[in-house]
Amino acid sequence: MTSSGPAKRSRPVALPDGGLANEVLEFVWRRRTASRAEIARRTGRSRSTISEVVSRLLPTGLIEEVGSGESRGGRRPILIGFRDGASSILGMDIGAAHVSVALTDLRGRILEWRRRDHAVQADPRGTAALATELGEECLAARGTGSPRPMGIGVAVPSPVDPGSPYRILERILPAWHDFDLLGALRGRFGVPVFVDNDANLGALAEHHWGKAVGIDDFAYLKVATGIGAGLMIDGEIYRGATGVAGEIGHVAIDPRGPRCVCGNRGCLATFVGTRALVDRTRALLCDFPGSVLAGTVPDIRALEDAALADDPMALKVVREAARNLGIVIAGVLNLMNPGSVILGGSLARLGDRLIEPLTRAVAGRTLVASAAASEIRTSELGPRATALGAATHVLVAALANPALFPGVKA
């Protein structure tokens with residue numbers, strides 16, 4: 001069992017053979033505990049070489065000797081364990097109308113959580129200030145003895161160009177023109193900041209902690225104010241040439257449909273996004289006077305609650321949403337043939353009430369082989385999934401480049 005307290009270090013430690021140190025550290029993280037002999041077998045290096053790398057890693061506080069393992073006839077081996085509490089990470093979910101922040105350890109455990117509604121689309125500076133405030137609240141709640149975060153991951157409701165990660169697509173969030181969110185957070189916390197699209201980071205959370213553990217080819221769909229997809233191919237997020245891969249919310253399913261924020265008509269988001277579903281619910285109220293929502297001004301949460309209570313009008317809205325989602329998901333299945341499709345966002349809590357009509361809609365539009373290979377499921381990570389994925393983004397980067405961990409230098 002690994003310990004969880006902050007590491008005590010006097011100065012950063014330089015690691016030998018960076019590639020091998022990365023491999024050793026990631027192997028111990030994945031295994032949780034391993035002997036030097038196991039690490040040597042895994043890496044194909046000699047015991048003496050691995051012992052040298054381990055001896056240089058131990059002072060970083062990221063690993064420690066945690067007891068003896070099983071003997072195979074000789075002396076019992078000393079086990080090396082990863083210290084999940086050696087540092088912490090802040091994951092920030094900047095939604096279209098909310099900000100949420102999770103403080104995690106190095107195993108994806110959420111230690112603290114804060115969320116607040118906010119007019120994100122129109123107020124970039126206020127959003128940055130709120131994200132900072134919630135991050136500081138999370139850190140303060142852990143007390144002065146807890147380790148400072150090693151980095152911050154940020155999820156944004158917009159495509160992110162890897163070449164210009166500080167810029168948010170103006171067509172999606174016009175008020176964010178030239179606002180440097182990364183710089184604002186980096187200046188306040190003094191740690192590296194990583195940003196990516198919210199659906200990509202939802203997929204990353206599923207791959208490490210959710211329904212896609214062990215699945216290297218899958219599609220994650222986040223259904224919220226907008227609709228995006230995180231596409232995992234061979235265990236890596238596929239972002240495309242300029243970071244806009246997965247924008248399925250802007251696939252047109254009706255060229256004569258409503259105008260979308262992207263400038264086109266009839267995009268999926270205009271039928272299945274949060275605002276569209278609420279508008280559809282309000283339009284149907286006069287036809288369903290017996291609905292539990294009659295006489296109210298429903299929002300998306302009320303619609304979901306009504307559907308969970310099997311309200312006929314709410315179920316009609318959900319079935320329509322499932323049919324429209326099915327058109328695009330069928331295209332994803334025929335094009336990518338993923339091992340699984342996972343639905344996240346608030347609608348995920350509808351479970352079978354969404355999945356059953358969605359599966360029927362997909363079945364009639366896909367090749368038999370592509371549909372058979374892809375199970376459609378709802379996420380179980382809940383509303384914290386995106387912030388958790390943002391923190392995981394930092395963890396994955398650090399396992400690939402240990403110089404990002406505190407106590408390590410290149």
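## Surface and overall build

Welcome to this chain, whose accessible surface comes to about 18,200 Å², with 51% of that belonging to carbon and sulfur atoms (areas by the Shrake-Rupley method with a 1.4 Å probe). This is a predicted model, in which local features need pLDDT of at least 70, side-chain atom pairs count only at pLDDT 80 or more, and totals for chains use all residues. Residues are numbered from 1 along the chain as its sequence is written, and side-chain values use heavy atoms, leaving out hydrogens and water.

Of the 410 residues, 51% count as buried, meaning under 20% relative accessible area. The C-alpha atoms fill a box of roughly 75 × 50 × 40 Å along the principal axes.

## Helices and strands

The chain has 13 helices and 15 strands; these are DSSP runs, at least four residues (H or I) for a helix and at least two (E) for a strand, numbered from the N terminus. The radius of gyration of the chain is 23 Å, close to the 22 Å that the globule rule gives for 410 residues, so the chain is as compact as a globular protein of that length. That radius is taken over C-alpha atoms, and the rule is 2.2 Å times the number of residues to the power 0.38.

Strand 13 (residues 340-345) runs parallel to strand 14, joined by four bridges. Val 341 has Ile 376 in strand 14 as its bridge partner.

How values were computed
Two strands pair if DSSP finds at least two bridges between them. Buried means under 20% relative accessible area, exposed over 50%, partly exposed in between (1.4 Å probe, protein chains only).
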